[in-house]
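Let's take a friendly walk through a protein structure together. Keep the picture open beside you and look for each residue as it comes up.

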Amino acid sequence: MKQVLQYRRSGATRVVEVPAPLTPEAGLLVQNQWSLISPGTERMLVEAGGGNLLNTARQRPDLVRQVLDKAARDGIAATVEAVRNRLDVAIPLGYSCAGTAFEIGDRVACAGAGLANHAEIVAVPRNLAVRVPDSVSLDDAAFVTVGAIALQGVRVADARLGEACVVIGLGLVGQLTVQLLKAAGCRVFGIDVAADKVQLAQAQGADVACLRADPDLLEKVRAFSVGRGADAILITAASSTSDPIQIAPGLARDRAVVVAVGMVGMDVPRNAYYEKELQLRLSRSYGPGRYDRTYEEEGVDYPPGYVRWTEQRNMEAFLDLVAAGTVRPSRLVTHRIPIARAKHAYQIVTGETAEPYLGILLEYPRLPTTEAPTRTRVDLGTASRPLPTSGTVRLGVVGAGSFARSVLLPALQKLEHVELRGVATASSPSAHQTATRFGFGFAATDWHAVVEDASIDAVLVATRHDLHARLAAAALRGGKSVFLEKPMALSPEELEDVLEAWRSSGRVLQVGFNRRFSPTYRRLRAWFASRRVPLVMSYRVNAGAVPPSSWVVDPVQGGGRLIGEVCHMV
Ligand SMILES: NC(=O)c1ccc[n+]([C@@H]2O[C@H](COP(=O)([O-])OP(=O)(O)OC[C@H]3O[C@@H](n4cnc5c(N)ncnc54)[C@H](OP(=O)(O)O)[C@@H]3O)[C@@H](O)[C@H]2O)c1
């Protein structure tokens with residue numbers, strides 16, 4: 001299937017053929033019909049890649065500090081390698097789309113960075129998908145994420161019927177905010193730096209709209225708010241300057257609310273905010289649930305009695321307003337471009353092709369969706385380097401995350417007698433990117449493609465811990481030798497299963513206890529080698545702290561620090 005990927009290192013945005021994702025355990029597989037380019041966010045991502053690393057460094061001094069710290073700690077060569085690895089990634093673009101769910105056939109709208117991508121097929125957790133009302137077209141529904149972002153901003157502002165609201169920044173989110181505030185019975189004043197956006201806001205129903213550069217701006221807002229100043233100011237601009245934050249106090253009434261929805265400079269003039277006792281609030285993405293793994297990935301909902309508006313319920317409410325005709329996304333569409341020509345869409349967004357734009361929709365071919373897709377493997381025909389004819393190990397890899405990509409695969413790539421046959425990872429971009437970067441013959445999203453491939457002699461398993469035992473046992477039973485990252489298993493039952501599979505296979509099973517080969521460990525071993533009587537030892541391992549959000553300490557995926565780390569030392 002086709003997917004839009006952005007390559008961090010070169011900065012190129014391409015449409016590539018990647019393996020289709022599998023149906024997620026707690027989610028849906030969706031055949032996209034439309035996806036929306038969110039110009040502010042996606043332009044920023046595209047511009048951050050390639051030759052603009054200096055720009056990124058300027059915007060993210062925290063990352064520069066991390067690099068310098070690593071250089072001081074681990075040396076220049078290791079730091080260069082680590083930075084290279086961080087940059088050698090392909091990022092899936094897009095986070096707002098709509099299409100038809102496989103098997104059940106429902107029309108659904110989907111949200112989520114890295115999930116609701118610009119791709120023919122997307123795998124979306126259930127809390128990030130909503131059913132599209134019958135009267136709403138799928139191209140309108142593809143606005144769902146941007147609509148939920150605007151709606152969350154309005155909720156955070158707590159704008160009430162009849163209040164005077166100012167919207168600064170009239171891009172896609174700003175225009176939808178204007179429509180939502182009007183639907184909520186507010187009076188709306190729009191401000192933007194571009195004349196066409198100001199005109200569009202007026203056409204969307206803004207009571208007044210004017211240019212940021214208008215010398216009478218303050219006067220006009222005062223007149224609009226009948227001399228009181230605005231009740232709420234919603235900043236939906238995307239700008240590195242703090243201008244929106246700095247002009248807000250002059251437009252606001254005493255004790256008004258200022259909501260930062262867009263990414264803007266946050267150099268807040270303390271006195272101006274203090275004198276009017278303004279409340280500065282930040283609106284977080286599409287609503288409650290965002291960035292909570294249990295909500296977004298595992299599908300655990302919050303009770304409506306406690307959290308009335310979650311990101312999913314915001315998406316639903318937005319589509320209901322579209323169904324009622326009070327919000328009309330179609331008025332904001334400037335381009336409809338087939339997925340195969342997505343590169344052209346990004347040329348428009350970055351200004352490489354000079355054309356006015358606002359809502360750019362990518363369109364996908366319409367295919368039958370009664371069955372789940374079977375193209376979960378893509379053969380790349382990568383001509384690996386010439387290999388010696390005898391003694392070659394044809395290797396398959398399952399799981400290629402940070403450890404495999406930075407340590408295992410670069411080392412394996414240098415071995416003369418190893419042919420990298422195929423790689424499987426959970427997500428389509430990761431499988432494709434790993435396969436092309438290291439020269440694998442095929443990329444897959446279904447690990448069975450590796451374990452069941454007759455041309456593969458040995459399988460390397462480098463997934464998170466919960467899959468280790470299952471994958472290793474399946475590969476051994478399929479007649480492959482296995483290199484399994486530590487730990488072998490998370491429970492005695494899993495361990496017994498792997499050992500049983502190994503005993504009956506007659507193949508090699510090696511566990512990635514690499515510390516046993518470190519110089520210190522070797523010396524310790526040599527030191528005690530001649531000892532013939534029992535020894536009681538007490539030793540302390542300091543493996544560094546792991547943040548509580550890490551999968552390593554998740555009881556299901558990682559099993560905790562004792563199983564995952566201490567196994568090296570036992
Ligand atoms: N020996 C050592 O010193 C050492 C050091 C560090 C880590 N490790 C071990 O290395 C392993 C990986 O750690 P990591 O930090 O690299 O983890 P990670 O970054 O989370 O990578 C996990 C990989 O597994 C893939 N994956 C997840 N579900 C899958 C599925 N159903 N089928 C196929 N692939 C799947 C992921 O795919 P996506 O890319 O699509 O997400 C990702 O590529 C762990 O066992 C860890 O203990 C060992």
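**A serine with two partners**

The side chains of Ser35 and Tyr364 are joined by a polar contact of 2.6 Å. Please keep in mind as you look that this is a predicted model. To find Ser35, follow strand S3, which spans residues 27–37.

Is Ser35 buried or exposed? The relative accessible area of Ser35 is 0%, and a residue counts as buried when this value is under 20%, so Ser35 is buried.

The largest nonpolar core is made up of 54 residues. Among the residues with the most contacts inside this core are Ala109, Phe143 and Leu176, along with Leu181, Phe318 and Leu319. Which helix gives the most to the core? That is helix H6, running over residues 144–157, which supplies nine residues. The core also draws on two domains: at least three of its residues come from domain 1 (2–142 + 292–363), and at least three from domain 2 (148–282).

Next, look for the ligand. How many residues surround the ligand? There are 25, and the closest are Ser427, Ser430, Arg464, His465 and Lys486. Sorted by type, this shell holds nine nonpolar, twelve polar and four charged residues.

Let's look at some of the atoms involved. Arg464 has an N or O atom in its side chain that is 2.7 Å from an oxygen atom of the ligand. The backbone takes part in this picture too: a polar backbone atom of Thr463 is 3.1 Å from an oxygen atom of the ligand, and for Gly401 a polar backbone atom is likewise 3.1 Å from a ligand oxygen. On its own, the ligand has 920 Å² of accessible area, and the protein covers 79% of that.

Our last stop is Val508. You can find Val508 in the loop between helix H19 (492–505) and strand S23 (509–511). Why does Val508 count as exposed? The cut-off for exposed is over 50%, and Val508 counts as exposed because its relative accessibility is 53%. While you are there, look across to Gly479: Val508 and Gly479 are 29 residues apart in sequence, and their C-alpha atoms are 9.9 Å apart in space.

Terms used. Residues are numbered from 1 along each chain as its sequence is written. This is a predicted model: local features need pLDDT of at least 70, side-chain atom pairs count only at pLDDT 80 or more; totals for chains, interfaces and linings use all residues. Side-chain values use heavy atoms; hydrogens and water are left out. A residue is near a molecule or strand if one of its heavy atoms lies within 4 Å of it. A polar contact is a pair of N or O atoms within 3.5 Å; within protein, one must be able to donate a hydrogen and the other to accept it, and residues adjacent in sequence count only if both atoms are side-chain atoms. Accessible areas come from the Shrake-Rupley method with a 1.4 Å probe; for residues, only the protein chains shown count as cover. Ala, Val, Leu, Ile, Met, Phe, Trp, Tyr, Cys and Pro count as nonpolar, Asp, Glu, Lys and Arg as charged, and the others, Gly among them, as polar. A nonpolar core is a set of buried Ala, Val, Leu, Ile, Met, Phe, Trp, Tyr and Cys residues joined through side-chain atoms within 4.5 Å. Buried means under 20% relative accessible area, exposed over 50%, partly exposed in between (1.4 Å probe, protein chains only). Helices (H or I, at least four residues) and strands (E, at least two) are DSSP runs, numbered from the N terminus. Domain bounds come from an automatic or database domain assignment.
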